[in-house]
Amino acid sequence: MPIDATQPYDDQNIFAKILRGEIPNRTVYEDEWALAFHDINPQAPDHVLVIPKGAYVCWDDFSAKASDAEIAGFTRAVGHVARELGLVEPGYRLLANTGFDAHQEVPHLHVHIFGGKPLGPMLVR
Ligand code: 5GP
């Protein structure tokens, strides 16, 4: 079920549980600002999720309320992970689904990193 991007943060969401170590994940990278782990249901040969350590529902919440340090730290982490995965030269795609129309399912901001094959057109019409 897609989530409402304007809802308050729910600390029982699955990614909050992953951040607290209550649910296992295949970690790719972690620092003060972000955790990156393999998506449980990969849509490309490389499909990694990067989430901020802070409690933000979605991109709107994060971009409006996060500190400059959080935004910088998170953005640098996304770039670092893509670089470490060797995806810069072949290319990759970032995606941050936000709310109903984008079909965001987990109410903790996550950026998808897709790569490892030609990804085709941006959206299926
Ligand atoms: P959304 O549609 O919200 O942008 O994407 C949510 C993503 O989270 C999906 O790609 C889904 O496969 C992934 N996901 C959902 N639950 C889990 C989980 O427990 N572990 C991991 N690693 N990924 C999850």
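Entry 1, salt bridges. I looked up Arg20 and found that it counts as partly exposed, because its relative accessibility is 39%; on this scale buried means under 20% relative accessible area, exposed over 50% and partly exposed in between, with a 1.4 Å probe and protein chains only. Arg20 forms a salt bridge with Glu22, whose closest N and O atoms are 2.7 Å apart, the term requiring a side-chain nitrogen of Lys or Arg within 4 Å of a carboxyl oxygen of Asp or Glu. Glu22 is likewise partly exposed, at 48% relative accessibility.

I note for the record that this is a predicted model, in which local features need pLDDT of at least 70 and side-chain atom pairs count only at pLDDT 80 or more, while totals for chains, interfaces and linings use all residues. Residues are numbered from 1 along each chain as its sequence is written, and side-chain values use heavy atoms, with hydrogens and water left out.

How many salt bridges does the structure hold? I count three, and another of them joins Lys53 to Glu30, with 3.0 Å between the closest N and O atoms. This pair links distant parts of the chain, 23 residues apart, since Lys53 sits in the loop between strand E3 (46-52) and helix H2 (59-65) and Glu30 in strand E1 (residues 27-30); helices (H or I, at least four residues) and strands (E, at least two) are DSSP runs numbered from the N terminus. Lys53 is partly exposed at 32% relative accessible area, and Glu30 is partly exposed at 48%.

I then checked Asp61, which forms a salt bridge with Lys65 at 3.0 Å between the closest N and O atoms. The two are separated by about one helical turn, because they are four residues apart in helix H2. Asp61 is buried, with a relative accessible area of 11%, whereas Lys65 counts as exposed at 63%.

I listed the surroundings of the ligand and found 16 residues, the closest being Asp39, Asn97, Glu105, His110 and His112, where a residue is included if one of its heavy atoms lies within 4 Å. An oxygen atom of the ligand is 2.8 Å from an N or O atom in the side chain of His110, and a nitrogen atom of the ligand is 2.9 Å from a polar backbone atom of His38. The protein covers 84% of the 520 Å² of accessible area that the ligand has on its own, by the Shrake-Rupley method with a 1.4 Å probe.

I followed up Asn97, which lies in the loop between strand E4 (92-95) and helix H4 (99-102) and counts as buried at 18% relative accessibility. Not counting residues up to four places away in sequence, Asn97 touches Ala102, His103, Gln104 and His112, contact meaning heavy atoms within 4.5 Å.

The end C-alpha atoms of residues 14-124 lie 28 Å apart, and the span is 31% helix and 23% strand.

I placed Asp11 in the segment before helix H1 (14-19), partly exposed at 42% relative accessibility. Leaving aside neighbours within four places in sequence, Asp11 is in contact with Ala16 and Arg20. Asp11 and His108 are 97 residues apart in sequence and 8.8 Å apart in space, C-alpha to C-alpha.

Technical notes:
A polar contact is a pair of N or O atoms within 3.5 Å; within protein, one must be able to donate a hydrogen and the other to accept it, and residues adjacent in sequence count only if both atoms are side-chain atoms.
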